[in-house]
Amino acid sequence: MTAGLIAVVLLLAVAAYACAGGTDYGAGFWDLAAGGTERGERPRWLIGHAMAPVWEVNNVWLIFVLVIMWTGFPTFFQTVFSAMWLPLALAAVGMVLRGASFAFRKAARRLTRRRQLGILFALSSLVTPFFLGAAVGGIASGRAAPGTTASAHVWVNPTSLLFGLLAVAATAFLGAVFLTGDARRFDAPDLVGYFRVRALAALGAVAVLAVITLFVTRTDAPYVWHGLTHGAGLVFTLLAGVATCATAWLLTRTPDVRVRFTAVGVVAGAVLAWGLAQRPYLIPTSLTVSDAAGAPSTLTWLVFVTLVALVLVGPAVFLLYWLDTHGELEELTDADLGRGAPGEGGTADGG
């Protein structure tokens with residue numbers, strides 16, 4: 001019972017990272033696709049301002065996923081990281097390079113250096129979700145079974161490649177949807193239409209890839225295919241489909257805050273459908289939740305830690321998101337700093 005509860009928490013954490021972290025990766029995708037320096041200046045300006053307050057906190061969900069895997073399901077953790085260490089290592093390198101290049105790009109004074117860091121940031125935003133998706137495909141297809149030695153076959157296969165492409169398309173879709181709202185918030189009407197068109201295109205790519213993936217899993221990952229077309233997995237597959245239609249309808253009109261919720265519903269619904277389709281396995285059909293679970297005392301403490309995180313960390317994270325979406329976390333400009341400096345229109349005590 002406790003192992004099943006922790007497995008649900010793990011799945012929810014994966015869905016949260018797919019949505020929150022995926023939005024950031026999607027912003028990097030559009031940074032790459034923005035074009036040359038002059039043509040891409042406005043989109044990149046918006047991407048930098050929109051990401052700055054929250055891009056670091058979104059990785060909290062990834063840390064939570066790794067902690068639950070390591071402590072709650074050590075056999076699962078060992079199996080996945082042994083069989084697919086290469087794509088996961090490449091994804092980790094991409095995360096590090098992406099964060100470093102985004103942070104240093106703004107501080108760089110030379111245009112050439114900013115361009116180099118921008119390219120590194122954008123490429124890392126593309127590579128990281130692809131390899132994470134490919135690793136998930138290795139799990140879903142059952143190739144990363146306990147005792148499997150690391151090889152390209154585990155993560156270079158039809159399911160893995162499609163999961164990787166679907167992850168890239170989904171992040172691009174989320175990024176474009178959120179940037180559409182950010183353009184409206186930053187009073188950039190030209191960028192509202194710019195990103196709305198890209199959000200619709202990315203949503204179309206997600207829909208096409210999802211249909212292709214469903215057909216491919218029928219032969220390449222039959223257990224997951226059966227789960228996606230029956231029971232709880234089918235329910236969330238249909239919910240993701242409904243959210244897709246709702247998002248497309250909202251994007252064809254003047255998008256408001258509702259489109260963010262439906263867009264999150266598309267990605268979260270797909271992740272939950274995949275997780276529920278695998279029940280009762282963590283790796284179909286070789287490793288069940290109960291077989292992979294750690295010691296009962298460890299799971300009990302993990303439940304306690306999860307509750308503490310929900311009470312303490314959860315509200316803080318959501319408060320940060322709320323402040324960001326309401327424009328309360330804008331960066332101070334040189335003019336703002338100058339107004340508060342002694343001898344420049346005022347004193348330290350406001351006199």
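## Helices α1 and α12

Let's start with a helix pair: α1 (residues 2-32) and α12 (residues 258-277) pack with their axes 9 Å apart, at an angle of about 150 degrees. Here helices (H or I, at least four residues) and strands (E, at least two) are DSSP runs, numbered from the N terminus. The axes are lines fitted to C-alpha atoms, for helices over the stretch in contact, and angles run from 0 to 180 degrees between N-to-C directions. The α1/α12 crossing is right-handed; a crossing is called right-handed if the near helix is turned clockwise from the far one by less than a right angle, and left-handed if anticlockwise.

On the α1 side, the contact is made by L11, L12, V14, A15, A18 and C19, and on the α12 side by V264, V267, A268, V271, L272, W274, G275 and L276. Contact means heavy atoms within 4.5 Å. These residues divide into 13 nonpolar, one polar and no charged. In this scheme Ala, Val, Leu, Ile, Met, Phe, Trp, Tyr, Cys and Pro count as nonpolar, Asp, Glu, Lys and Arg as charged, and the others, Gly among them, as polar.

## About the model

This is a predicted model, in which local features need pLDDT of at least 70 and side-chain atom pairs count only at pLDDT 80 or more, while totals for chains, interfaces and linings use all residues. Residues are numbered from 1 along each chain as its sequence is written, and side-chain values use heavy atoms, with hydrogens and water left out.

## Salt bridges

The count comes to six salt bridges, each a side-chain nitrogen of Lys or Arg within 4 Å of a carboxyl oxygen of Asp or Glu. One of them joins D31 and R44, at 3.2 Å from N to O. D31 lies in α1 and R44 in α2 (residues 41-51), so this pair ties together parts that are 13 residues apart in sequence. D31 is buried at 2% relative accessibility, whereas R44 is partly exposed at 21%. Buried means under 20% relative accessible area, exposed over 50%, and partly exposed in between (1.4 Å probe, protein chains only).

Because D190 lies in α9 (residues 189-220) and R42 in α2, the pair ties together parts that are 148 residues apart in sequence. Both partners are partly exposed: D190 has a relative accessible area of 44%, and R42 is at 38%. R258 and D256 meet in another salt bridge, 3.0 Å from N to O.

## S160 in helix α8

S160 is found in α8 (residues 158-185) and is buried, with a relative accessible area of 0%. A polar atom of the S160 side chain lies 3.4 Å from the backbone oxygen of W155. Leaving aside neighbours within four places in sequence, S160 is in contact with G133, A134, G137, G138, V154 and W155.

## Backbone features worth a look

Two cis peptide bonds deserve a glance. One joins R279 and P280, with omega about -5 degrees; P280 lies in the loop between α12 and β1 (281-283). The other runs from P284 to T285, with omega near -15 degrees, and T285 lies in the loop between β1 and β2 (287-288).

Finally, D187 has a positive phi of about 55 degrees although it is not a glycine. D187 lies in the loop between α8 and α9 and is exposed, with a relative accessible area of 65%.

Note on methods
Polar contact = N/O pair within 3.5 Å; in protein donor to acceptor, adjacent residues only side chain to side chain.
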